[in-house]
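Please read the following report alongside the sequence and the coordinates. It goes through selected strands and side chains in turn.

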Amino acid sequence: MRLLIANGYVIDPEQGINTGKSVFIEDGRVVGLLSHGDDVPEGCEVIDAIGLIVAPGFVDMHAHLREPGHEYKETIASGAAAAVAGGFATVCAMPNTDPVNDSAAVTRFIIEQAENARLANVFPIGAITKNSAGTELAEMGEMKDAGIIAVSDDGHSVPSPGMMRRAMEYARGFDLPVIDHCEDKSLARGGVMHEGHGSLVLGLHGMPAAAEEVDALRDCALAELTGARVHLAHVSTRGAIEAVRRAKERGLPVTCEVAPHHWTLTDEAVADYDTNTKMSPPLRSRDHIEAILKGLRDGTIDAIATDHAPHHADEKTLEYDQAPFGIIGLETAVGLAFDLVNQGGIDIERLVEVLATKPARILGLENRGTLGAGAYADVTILDPSFQWTFDASRSKSRSRNSPFDGRAMTGAAVATIVAGRVVFLHPDFEKLVTSGRKALAKGTSR
Ligand SMILES: [Zn+2]
């Protein structure tokens, strides 16, 4: 099986490559980069990527795929389909399923379901504590042997600092990063939106920014104490980002991610009580968004992750107070990231870095997040000028809970390739796939 992604513009921050090249793939691995004038190797299928950007396959560090237990919201197969449709070759599955992924058996089940789906790479994240209850450490070693790449009790923080210390020491022994949902329950309890002017006006219980910041500061201190790799999930506050900035300045192994809704929308979006604006952490005020944008520009924020959290329409039509937290995000993340590029907030190289290079490195995914020779042939092809509108009713996800339904976007992932197989190709770009030498020559002469 040979594939040539020809005539594109390759951006691979890990190799420092930002130039016109063709990517030659054989048997699921990258053989190397060819120059545009080079002969097409024998027997190649060809994707003509003229005018397009060819990047290492994007990696979503943070998604809720709901299986086992909540298949009416999402399955691993439907989540993987949404992932590749959104440009993600790899998606990581948070453990808050039913049962919770706190055992090798659940880890193996998730991997089997993903292999059956044959779409995205799916890497499970194991629980920090049994049933994510915060009281007893889960069997991280057994789960690691079965295939987890990190641990997290996402959805909750680990309430006790003493327990979190032991968890970090344990995870460090297995070289697993600890992904940290920062939300001090005693501060956030009962809150359904950001605490501030908006919550006062709307009469909704607020979650103060300090609920996130207290845990972020605590766990940066514990990273120093234990030497564990700590990754703060979905940071949304100035204080949490500042905590990461200071930790990095001191050389601590602390990283963080941000989700697109947290820079795209403010808490003002809650004003019409649309439950698709309810997530945890909540949409924040403008000053926090400025801190996120600064963190994305200066490198304090390492990754963009979706926090894809499907919920059934029957749940999201409940009262604002009662509805579950979370929105789907796999198919809108890249479009919203292009907003930043189009507004001059970050350049396209940085977009690739936060969506591919850095997440792969944080998770220790060897031979992913790069197009270096020998890497897995996971590729995301981007059209920065493609204009499209997100239609939630046509999402590959089983759920529809998005505040971005009907939103016009410029810039998209138009093809996703996993281990040399084209697993997603936007209908408007089908004509770009051809086979053989003749087709390429036609392509290059355009
Ligand atoms: Zn979370």
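## Basis of the description

Helices (H or I, at least four residues) and strands (E, at least two) are DSSP runs, numbered from the N terminus. The model is a predicted one, in which local features need pLDDT of at least 70 and side-chain atom pairs count only at pLDDT 80 or more, while totals for chains, interfaces and linings use all residues. Residues are numbered from 1 along each chain as its sequence is written, and side-chain values use heavy atoms, with hydrogens and water left out.

## Arg-66 in its loop

Arg-66 is found in the loop that runs between strand S6 (58-63) and helix H1 (76-85). Two terms are needed for its surroundings: buried means under 20% relative accessible area, exposed over 50% and partly exposed in between, with a 1.4 Å probe and protein chains only, whereas a salt bridge is a side-chain nitrogen of Lys or Arg within 4 Å of a carboxyl oxygen of Asp or Glu. For charge, Lys and Arg count as positive and Asp and Glu as negative, and His and the chain ends are not counted. Arg-66 is buried yet has no salt bridge, since the nearest side chain of opposite charge, that of Asp-307, is 7.3 Å away.

When residues up to four places away in sequence are not counted, Arg-66 touches Glu-71, Lys-73, Glu-74, Asn-96, Thr-97, Ala-309, Pro-310 and His-311.

Two strands pair if DSSP finds at least two bridges between them.

Strand S7 (residues 88-93) pairs with S8 in the parallel sense over 4 bridges, and the bridge partner of Cys-92 in S8 is Phe-123.

## Strand S1 and its partners

Of the 11 residues of strand S1 (residues 2-12), 9 are buried, which leaves the strand mostly covered. S1 pairs with strand S2 (residues 17-26) in the antiparallel sense over 9 bridges, and Ile-5 has Val-23 as its bridge partner in S2. The two strands S1 and S2 form a hairpin with 4 residues between them, and Gly-16 in the turn has a positive phi of about 65°.

S1 also runs parallel to strand S4 (residues 44-48), to which 5 bridges join it, with Cys-44 of S4 as the bridge partner of Arg-2. A further 2 bridges join S1 to strand S5 (residues 53-56), again running parallel, and Val-10 stands opposite Val-54 in S5.

## Arg-245 in helix H8

Arg-245 belongs to helix H8 (residues 238-249). Is this residue buried or exposed? Arg-245 counts as buried, because its relative accessibility is 13%. Its side chain makes a polar contact of 2.7 Å with the side chain of Glu-242 and another, at 3.2 Å, with the side chain of Thr-300. Not counting residues up to four places away in sequence, Arg-245 touches Lys-294, Gly-295, Asp-298 and Thr-300.

S16 and S17 pair in the antiparallel sense over 8 bridges, and Leu-382 stands opposite Ala-413 in S17. Strand S17 (residues 408-418) has 9 of its 11 residues buried, so it is largely enclosed by the rest of the structure. Gln-387, in strand S16 (residues 379-389), is by contrast exposed, with a relative accessible area of 62%. Leaving aside neighbours within four places in sequence, Gln-387 is in contact with Met-409 and Thr-410.

S17 pairs with strand S18 (residues 421-425) in the antiparallel sense over 4 bridges, and Arg-421 in S18 is the bridge partner of Val-418. The hairpin of S17 and S18 has 2 residues between the strands, and Ala-419 takes a positive phi near 50° there.

How values were computed: Contact = heavy atoms within 4.5 Å. Polar contact = N/O pair within 3.5 Å; in protein donor to acceptor, adjacent residues only side chain to side chain.
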